[in-house]
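Subject: A structure for you to look at

Hi,

Here is the structure I promised to pass on. Please open it and keep it beside you while you read my notes.

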Amino acid sequence: MSDGPAVLAVETATDACSVALALGGEVRSRHEVVPRQHQQRLFAMVRELAGDRPLAGLALDVIAYGRGPGSFTGLRIAAAAAQGLAFSLGLPVAGVPTLAAQARTALRQGAAAADALILSTIDARIGELYWALYEVPAGAVDGLPVALTEPAVCRPEALPVAAITVAAAGRPLYLVGSGAGLADAFPPGLPAFAGTAPALLPEARDLVPFARASLAAGEATGAAAVAPLYVQGGDRWKTLAEQGRAQ
């Protein structure tokens, strides 16, 4: 990862508690699968990364956090941590959709290819899954996935076959994230998956390039604007093109 603004990133939307510190050209991280222990581990992991240096002395530029969707409690923990750190350090905040960060984790780990479509999913644990589609266009800065749909929630059998098929347009389609564990209930007619990674979880280090891009674009916000991304209403999803938004 190239040099850039200094970022402290936290991601706790899933069973993983993940923290990353990007200083100069180095990204250090801690990533542990610790269900229901995020609150106990989060700041201990931050201290481990900072070592004996106070956070105020690290010359950080932005705090990044995984906005969700995901575990209600996990989202609240990340948002509260990011807000508290931003207020105390006087820094801007960049909220990153967890499904986007997870798509980049898949790319970095080789669980998906950069020229393909990625169906990023999280098991919502109520017979539903959170999902969104991503692609990485040729020449994308720092390999950032671009959203083709907003994050949505639905029952696995209600995934929109036609929309996913059209978006794939002959490209390989990868299924990543814990929602892949519900694949047996997916509707017939979906394109065959080129690969699946049901055990993959989003890592905080993959929030870093999103945060840097947000800061460069002037889209980072003040601490008061921190808010988790709760996705409701599985039948209300629309593609970004249908919403008239630039991709």
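A definition to begin with: two strands pair if DSSP finds at least two bridges between them. Helices (H or I, at least four residues) and strands (E, at least two) are DSSP runs, numbered from the N terminus. What you have is a predicted model, in which local features need pLDDT of at least 70 and side-chain atom pairs count only at pLDDT 80 or more, while totals for chains, interfaces and linings use all residues. Residues are numbered from 1 along each chain as its sequence is written, and side-chain values use heavy atoms, with hydrogens and water left out.

Let's start with the sheet. Five strands form an open sheet in the order E3-E2-E1-E4-E5, and the pairing is mixed. Strand E3 (26-33) and strand E5 (93-97) each have a single partner strand, so at these edges one side of each has no neighbour in the sheet. On average, neighbouring strands are turned by 15° against each other, direction ignored. Strand E1 (residues 7-11) and strand E4 (residues 62-68) run parallel and are joined by four bridges. To find your way there, look for valine 7, which stands opposite valine 62 in E4.

Helix H1 (residues 38-50) and helix H2 (residues 72-89) meet at an angle of about 35°, with axes 11 Å apart. Here axes are lines fitted to C-alpha atoms, for helices over the stretch in contact, and angles run from 0 to 180 degrees between N-to-C directions. Contact means heavy atoms within 4.5 Å. On the H1 side you will see His38, Gln39, Leu42 and Phe43, which meet Ile77, Ala81 and Leu85 in H2.

Which strands does helix H3 lie across? Helix H3 (residues 98-109) lies across E1, E4 and E5, at about 75° to E5. Of its 12 residues, 10 are buried, so H3 is largely enclosed by the rest of the structure. Buried means under 20% relative accessible area, exposed over 50%, and partly exposed in between (1.4 Å probe, protein chains only). Among the buried ones are Leu99, Arg104 and Leu107. After H3 comes glycine 110, with a positive phi near 80°.

Finally, helix H5 (residues 208-216) has buried residues including Phe210 and Arg212. The buried residues of H5 pack against E1, strand E2 (16-23), E4, E5 and H3. Glycine 218 follows H5, and its phi is positive, near 70°.

Enjoy exploring!

Best wishes
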